Structure formats: structure tokens, C-alpha cells
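Good morning, colleagues. Please look at the sequence and the structure.

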Amino acid sequence: QVFGINDIGIHDNFFDLGGHSLKAAQLFYLIERAYGRHLPLSMLFQAPTIASLTSLLTQDQRASPWQFLVAMQLRESGLPIFMVPGVDGNVIWFAQLAKFLGQAHPVYGLQARGVDGKAEPFGSIQEMATHYVAEIRTCLPQGPYIIVGACIGGLVAYEIAQQLVKQGAVVTLIIINSWLPTSYSSYKHRYGFLTGLTVPLGILSKTMSAFGGFRHMPMKDWWLVVRRKIGTLLSLFRRPPHSDLGRRQRKRVERAMFQAAANYAVHRYPGHILTFVASQRIDPQDTRYAWRELADGGCQTVEVAARRTGDLVLSPHVEEISSHIRRYIAEYFLDKPIRPSDKAA
């Protein structure tokens, strides 16, 4: 139903069929409607077939623990790549990029706290990075490290690289279509307590104004108006259905990410940065090219004829992006010896 084709076997791989984040969201929404189970989208990396998903659905709900570090593509050889997704914090967004990079490297994704709707999102870029560095070191204690971040995830990747370099690690940093914190300044104080009351207060105000209109309608219609207004107001305080819960969870993570980005203080980076820019996006206050001013080791910028960050991780652009990344890694790691004195590649 999601792919619009009938000839799918129970052992066919979701990603091999062309699955990406939007199709994953649609699939898991339908699964939730049919079975009442709310599963994280990243579960597709563990169970990418109908047969394996069926096995998960027959297990006890407690058997699906939340993971911050998600194995997206596993290989026995190659330097692992750690990827930080964009504003929604979900690693499924990198599915196709991970598939192409996984031809030469193990690939791991770092999911934002709060995507599961249970924990509070991280409050700052530094906090995210500190947590992710700990997760990365459980997988790869010594390095060298390859860190990739997209959109706001690029800021998180930048801070991860900063912390790893300070700890003496060798790091290669790759940023995909990311803006500096100044581009998010409007979000600094956007989501305060009063902002959360805007909708309820607005409805209450309209309800009160409706009472003033009673003099223009028959008395027999008063109760219908009052009941409809009260129902609208009370709906704000009821527990939303599961489908709305998922959307609200994403919005909560997005708000936290925007605020964290707006409040992040950027410091100079001692190494080299590879950046990708969706060149068809026109922004009068574009800070995506400003990374070259922060990288002491130089910055290579690759322009890709796309409009949005999401376009860069889908065909036909994801093939170009992955090719650049693999070649860049080969130049900075495989074709060049790494000395203990190196601080950043």
C-alpha cells in the first residue's frame, strides 16, 4: 500500500525497494492504526522486511527499547561513519545516504532524545554533543572519527568534532546544508510559557465574544453555540489520539532543536571541513558558506543543484553526495597516514 505495488515478498527489504523517511512515516502510521503499536521509525534498520516486522509486532511491547545510537549499515571493515540528523532528530531521514555510504563503511545514526515522546529533548547543542560523544565512544573507543551532520544536525556534528578534538581524537567533519546560529536568532525566545497559552487564550476570547452575539440569534440556538465552543476548548486538554501524539512529539523535538541552535556559541575549529550547499536555495542572510571562516584547516564547499536539505539525501542527489563523501574520506584517511600528533583531519 505504501509503495503502490503488489509484487512484494515478506523478505524484501524496505530500503532496497526505495524506502525513505516519508514512506517510513506512512508505513508506521498505518501499522499503528492497524495494530495499536507505536514503533520508532529507526526500527526499520533492525527489521527492514515484512517478516522481521511481524516478528517484532508479536513480541511484548517492552521488547522494543529506545536507542540513541542506531546501527544503520553494518560492515566488518571500513572506518565507521556517525551521522546526526536534522531538526526532527530521526535517523530514518538518512536511510538512502546510509545505504550508499554503507557500501564502504559501517554507518551509525544518532537519534535525538525525545523522539520517542518519553524523555525531554536536549536543552542545548553542547548537551547533545556530550551525550553523543559518549555514545560514539561506546562503539568506537579510540577513533579516528568521521562525523556527518545535516541542517541543525550540522551544528551538533560541529560541536561533537570540537569535543573529540579537545580529547585528542582524530576527526573528519562533514556538514550538509547547515546554517550558523545567527540564522536561528528569531527562535531564541519563541517558545516560552505565554506562547503555549496563545491558542487556549485565543479560543477562550472567541468564546466570550460569541456570548455577545447571542442577542442576534434565537434563544433556542444558544445551547448549540455554547456546547460547540466548550467542546473546542476542552479538546485542548484531552489526550490526543496516537497519530496526533506522534506529530506533537516531532514538534516538541523541533522546537527544542531550533532553540538550541539559536543559543549555540560557535568557536573556531582547528581542522578541515567538507560542506555541501543546496545551491538553488536563495537566502538573503545565507550563513551556509560561513564555515570556511571558522575552519583553521580550510573548508571545501560542494554546491549541489537542489533547493532543500531533504533533497540532498534523496535520489538523484544522494548518489552525488555519497560519492563526494567517500572520496573525501579516502583522501583524508585511507591515502594518508594518521599520526598520534594529528588533531583533526
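Two strands are said to pair if DSSP finds at least two bridges between them. Helices (H or I, at least four residues) and strands (E, at least two) are DSSP runs, numbered from the N terminus. This is a predicted model, in which local features need pLDDT of at least 70 and side-chain atom pairs count only at pLDDT 80 or more, while totals for chains, interfaces and linings use all residues. Residues are numbered from 1 along each chain as its sequence is written, and side-chain values use heavy atoms, with hydrogens and water left out.

Let me begin with strand β4, residues 145–150. Which strands pair with β4? On one account, strand β2 (residues 81–84) runs parallel to β4 and is joined to it by four bridges; here Ile 81 stands opposite Ile 146. Strand β5 (residues 171–176) also pairs with β4 in the parallel sense, over six bridges, and Ala 150 of β4 faces Ile 176 of β5.

Six of the six residues of β4 are buried, buried meaning under 20% relative accessible area, exposed over 50%, and partly exposed in between (1.4 Å probe, protein chains only). Tyr 145, Ile 147 and Gly 149 point one way from the strand, and Ile 146, Val 148 and Ala 150 the other way.

I turn next to helix α5, residues 125–139. Its 15 residues reach 21 Å from first C-alpha to last, close to the 21 Å expected at 1.5 Å a residue; the expected span is 1.5 Å times one less than the number of residues. Buried in α5 are Ile 125, Met 128, Ala 129, Tyr 132, Val 133 and Ile 136. Seen down the helix axis, the buried residues of α5 fall within an arc of 135°, so they line one face; the arc is that of the directions from the axis to the C-beta atoms.

Gly 109 lies in strand β3 (residues 107–110). Gly 109 counts as buried because its relative accessibility is 0%. Beyond four places in sequence, its contacts (heavy atoms within 4.5 Å) include Phe 68, Met 83 and Val 91.

Finally, confidence. The mean pLDDT (the predictor's confidence in each residue, from 0 to 100) is 79 for the chain, and 74% of residues reach 70 or more. Over residues 192–199 pLDDT stays under 50, and the model has two contacts beyond four places in sequence for them. Where pLDDT is low, the predicted coordinates should not be read in detail.
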